[in-house]
Amino acid sequence: MILALNIGNSHITFGGYTADGKLVFSSRLFADSALSSDELLYKIVNMLALYGVEPHQITGVIFSSVVPTLTGRLREALRKMCEAPVMEVGPGLKSGVRIRMDTPAQLGGELLCAVVGALQHTAPPMVVINFDTATTLLAVDAAGTLVGGAILPGPQCSLAALVANTAQLPQVELDATPRRVIGTNTPDCLQSGIVYGTAAMLDGMVQRFCAKLNAPGAAVIATGTLPASIRSACTADIDYRATLVLDGLFTIWTKNTRR
């Protein structure tokens with residue numbers, strides 16, 4: 001089994017794949033930057049056990065990380081867990097994606113993996129959206145080249161900032177569809193603003209991206225912590241794939257292990 005892991009700002013996602021690319025399981029942990037290598041090891045081993053997987057069954061590991069404080073600890077945890085080869089997404093690995101950006105090395109590993117995963121499912125051009133603490137939109141042209149993107153606050157981040165920096169705004173649930181666009185009380189107004197406001201912002205950004213790509217019919221593929229309420233509020237046809245980054249990790253593994 002090939003184990004794929006991604007450390008994002010909010011969560012650590014991981015999944016197990018058979019050699020022919022079948023996803024056996026996937027799961028998610030909260031990305032606590034205070035975790036030690038032993039604590040990471042404990043959590044990963046126990047999550048594997050939950051799905052009936054033992055460390056000795058793992059024949060290879062690939063991971064990406066955008067949290068430097070956890071990257072080294074994860075490497076150490078993986079070395080303790082199994083003797084399988086460990087691959088880290090970064091310079092020197094083949095991804096199959098051409099990157100036409102000013103500094104390609106600054107592109108986060110999970111974003112590259114999201115594009116790689118998207119290209120396995122859909123033909124370009126496309127807009128790939130990754131939702132974490134930040135929301136990142138990536139533009140892929142008709143030739144499959146990653147030409148750039150945009151970064152904006154994630155809806156959970158925006159809500160947390162509002163609640164923390166105002167005196168009378170309550171925490172609200174983003175997974176539920178707002179009862180109305182025009183709220184008649186503070187919680188409803190806040191929920192409408194975050195859900196429908198984020199959806200309108202995404203629709204506008206997608207439209208602008210498609211215009212720059214000269215591709216009004218470009219596919220839109222999303223992954224990460226995007227609430228279903230916001231997806232359904234968008235007018236853009238969003239293809240949501242929860243394991244997109246993991247799929248990209250497995251694809252990169254196969255590209256770099258083929259003989």
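Modeller: Gladly! A hairpin joins β1 to β2 through three residues. Strands here (E, at least two residues) and helices (H or I, at least four) are DSSP runs numbered from the N terminus. This is a predicted model, where local features need pLDDT of at least 70, side-chain atom pairs count only at pLDDT 80 or more, and totals for chains, interfaces and linings use all residues. Residues are numbered from 1 along each chain as its sequence is written, and side-chain values use heavy atoms, with hydrogens and water left out.

Biologist: How many bridges join β1 to β4, and which residue stands opposite L5?

Modeller: Two strands pair if DSSP finds at least two bridges between them. β1 and β4 (residues 60-65) run parallel, and their bridges number six.

Biologist: Which way does β2 run against β1, and what stands opposite I7?

Modeller: Six bridges link β1 with β2 (residues 11-17), and the two run antiparallel. In β2, the residue opposite I7 is I12.

Biologist: How many residues of β1 are buried?

Modeller: Buried means under 20% relative accessible area, exposed over 50%, and partly exposed in between (1.4 Å probe, protein chains only). I2, A4 and N6 point one way from β1, while L3, L5 and I7 point the other way, and all are buried. For β1 (residues 2-7), that count is six of six.

Biologist: Is N214 buried or exposed?

Modeller: N214 is found in the loop between α5 (186-212) and β10 (219-224). Its phi is near 55°, a positive value in a residue other than glycine. Because its relative accessibility is 69%, N214 counts as exposed.
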